[in-house]
Amino acid sequence: MFQSTSHGLAAVRSDAPQIEREIPIFEEAKAFAGLEDIYSKVKAGERLNREDGIRLYNTDNLLALGFLANMVRERINGANTYFVRNYYLNYTNICELDCKFCSFYRKEGQDGAFLMSLDHIFKTIESDKENITEMHIVGGLHDGLPYDYYLQMLRGIKKIDSRIHIKAFTAVEIDFFARLYGLTVEKVLLDFKEAGLDAMPGGGAEIFSDRVREKMFADKIGADEWVSVIKTAHRLGIPSNATMLYGHMEKIEERVDHLIRLREVQDETNGFFAFIPLAYHPHVEDSTQWATGVDNLKSIAVSRLMLDNFPHIKAYWISMGAKVAQISLGFGADDLDGTVRDERVFHMAGASTENALTKRQLVKLIKDAGRIPIERDALYNAIENFA
Ligand code: SF4
């Protein structure tokens, strides 16, 4: 499906309809004022460096940035734009940590704390299984559950419908399980794979910066541990996504360093499907620490340009809103995530987006952006093409 590039990577979809564009030299010169050298690199398929990434983030020429990102997007995926019918299962918000940016976690017994029984989980999925091809499962770090809770969860979902792909547990959760149950990360991943785990979501890394980590999530595993778990998963044949939480206290340089670190991992493992920039939602109403629409579009575009070895860039409409996510389809994104039924992490932080979108709504958003909607499964196999 993906062809090798000069980096030895899988980056170009051979089945994606390519789009030919000719723009007059004069128009190019105007559009890329100040970014001409980067335009030349992108046109030649050359890898961008740290300084390029910082300049792209700092440019005020949003349309030029979007055009550059769109060149890469169309080179890799043509007009194809993916979505999935997925259910978000946040099985508990009880967590032993207390990351400062997190509005989701509660301590046991605290108001709003919840833990789903396996019976409740299975009944919920059973009642809606026609509308689900992917389960996205993440939760808090609950230190009072038996290991079997997770194994039974995975096996039970597959028993309900073996066609449902399970994308579950961040690298942070996997590391936590290994420590809690006295197992290696590899053993946990192998047990989970045997029980039905197909892929992992990309969260938990937040941003690869020790400075930010110390202030916002000091007790969480750091970049090296996150990367180590992900590399182990990829080695065992469990692909994953990768995310970046932005719009809080991080610097532009730290965002670019995060992208470059992910790019290096992908060079080594080729195990990432998609990169998903996640816009931070502040707890405090009048906070000035939040990602604006322009920042959302820039983050999509810069990630598409820097992550030349990632097949997909996902616009997570829950965090940036469906309308900005739709516009981002012209700024480098080729995936709108999915129906995302019952998401709680961002909604407990005050996200005002809908609790779910229907398949018809997603198709309309994509078609109105002039793109081709493709319903996919969790592993990016096409289920239905709406061209
Ligand atoms: S971000 Fe995750 S680990 Fe941190 S407090 Fe929230 S649920 Fe717990």
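**From a loop to a sheet**

Author: Let us begin with Lys100, which in this predicted model sits in the loop that runs between β4 (86–89) and α5 (118–126).

Reader: Why is Lys100 called exposed?

Author: The relative accessibility of Lys100 is 61%, and the word exposed is used for values over 50%, so Lys100 counts as exposed.

Reader: What separation is found between the C-alpha atoms of Lys100 and Phe217?

Author: Although Lys100 and Phe217 are 117 residues apart along the chain, their C-alpha atoms are separated by 6.2 Å.

Reader: Which residues surround the ligand, and how is that shell divided by class?

Author: The ligand has around it Cys95, Leu97, Cys99, Phe101, Cys102, Phe104, Tyr105 and Lys220. Sorted by class, this shell holds 7 nonpolar residues, no polar ones and 1 charged residue. Lys220 belongs to the shell, and Lys is counted as charged, whereas Cys, Leu, Phe and Tyr are counted as nonpolar.

Reader: What makes β10 and β12 the edge strands of their sheet?

Author: The sheet is open, with 4 strands in the order β10-β3-β11-β12 and with mixed pairing. Strands β10 (335–338) and β12 (382–385) each pair on one side only, and they are the edge strands. From one strand to the next, the twist averages 25°.

Reader: How do you know that β3 and β10 pair?

Author: Pairing requires at least two bridges between two strands, and β3 (residues 80–84) and β10 have 2 bridges, in the parallel sense, so they count as paired. Within β3, Tyr82 has Asp335 of β10 as its bridge partner.

Methods:
Residues are numbered from 1 along each chain as its sequence is written. This is a predicted model: local features need pLDDT of at least 70, side-chain atom pairs count only at pLDDT 80 or more; totals for chains, interfaces and linings use all residues. Side-chain values use heavy atoms; hydrogens and water are left out. Buried means under 20% relative accessible area, exposed over 50%, partly exposed in between (1.4 Å probe, protein chains only). Axes are lines fitted to C-alpha atoms, for helices over the stretch in contact, and angles run from 0 to 180 degrees between N-to-C directions. A residue is near a molecule or strand if one of its heavy atoms lies within 4 Å of it.
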